[in-house]
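Here are some friendly notes to read alongside the model. Please keep the sequence and the structure open as you go through the points.

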Amino acid sequence: MKDLVGCGFCDGSFTITSTTNSVGKKYHYYKCLKKNNEGKTDEHAPKDLSVSSLDEFVMHCVKFLLSEPELLQAMKKRATFESKTELESAERKTNRLTENIKTVKKDISNTLKLLTKNPDGPSSDLYQEQLDDLKLEQERIEDELEYCKNRKEALENRKVVDDDTYKTILNEFIKLWDESDSRVQEDLMKTVIQSLISHVDNDNTGDIEINFIADKKLEAEWTEIKKCEPGKVH
């Protein structure tokens, strides 16, 4: 999760370092990049965080939140909102393309009249070229309109996902995490977490700030979320 972890003291990023104990066992740590390059100071002394401990702590928080009914309802509200927004966008685009076709057909008709009146005139080649271009444009718009109509119909017929399906999705997330390697786990985390900010200093005071991915509407609707159980990252 290196790409997600940031320093709350300097707003910098973290890197991963390692140490080996006397029996040859290697330990990996998240370490502030500025501290790693410049060393700690009295004003800037963020704690190095155990990779395994921080990953375990964050997943504990994610699992806790995924089991909360508030999240389930927030996910459903967000899906409904996004579906409605997407449908409205498809309707606007369908209407716009319909009007565009009317305009192109009118232009084709006018150009065809000019070409018919002057089939051998000095501008006949220009009219023919314009007519060919307009017909190609009409085909392009009609293809796009057909796609938009199909998309709009699919959105209108989309079934509302029930509670059991949402619970299955959440459970599958946890199962996939438990069965995956660190690379896949980091990708999974990026689907739900925007950033992890460490405010823990060298004296073990401070906390870990977890910012979950959510739009403003979701944040406004999901205001009563329980706090995760206290935990420590050694």
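1. How many residues lie between β2 and β3 in their hairpin, and which residue in the turn has a positive phi? Five residues separate the two strands, and Gly24 is the turn residue, with a phi of about 90°. Strands here are DSSP runs of E with at least two residues, helices are runs of H or I with at least four, and both are numbered from the N terminus.

2. Before going further, a word on the source: this is a predicted model, in which local features need pLDDT of at least 70 and side-chain atom pairs count only at pLDDT 80 or more, while totals for chains, interfaces and linings use all residues. Residues are numbered from 1 along each chain as its sequence is written, and side-chain values use heavy atoms, with hydrogens and water left out.

3. The largest nonpolar core holds 26 residues, and Tyr30, Leu54, Val58, Met189, Ile193, Leu196 and Ile210 have the most contacts inside it. (Such a core is a set of buried Ala, Val, Leu, Ile, Met, Phe, Trp, Tyr and Cys residues joined through side-chain atoms within 4.5 Å; buried means under 20% relative accessible area, with a 1.4 Å probe and protein chains only.) Helix α2 (51-66) is among the elements that supply at least two residues each, and α2 gives the largest share, seven residues. Another core, of 11 residues, lies apart from this one and includes Ile108, Leu115, Leu131 and Leu134.

4. Do look at Ser198, in strand β5 (residues 193-198). Ser198 is buried, with a relative accessible area of 1%. The Ser198 side chain reaches the backbone nitrogen of Val200 at 3.4 Å. Beyond four places in sequence, Ser198 touches Gly6, Phe14, Leu49 and Asp207, among others; contact means heavy atoms within 4.5 Å.

5. Phe57 belongs to helix α2 and is buried, at 14% relative accessible area. Phe57 and Ile208 are 151 residues apart along the chain, yet their C-alpha atoms are separated by 9.6 Å.

6. Finally, helix α4 (residues 124-156) has 33 residues, so at 1.5 Å a residue it should span 48 Å, and its end C-alpha atoms, 47 Å apart, agree with that. The expected span is 1.5 Å times one less than the number of residues. Buried residues of α4 include Tyr127, Gln138 and Cys148.

Notes: Buried means under 20% relative accessible area, exposed over 50%, partly exposed in between (1.4 Å probe, protein chains only). A polar contact is a pair of N or O atoms within 3.5 Å; within protein, one must be able to donate a hydrogen and the other to accept it, and residues adjacent in sequence count only if both atoms are side-chain atoms. Two strands pair if DSSP finds at least two bridges between them.
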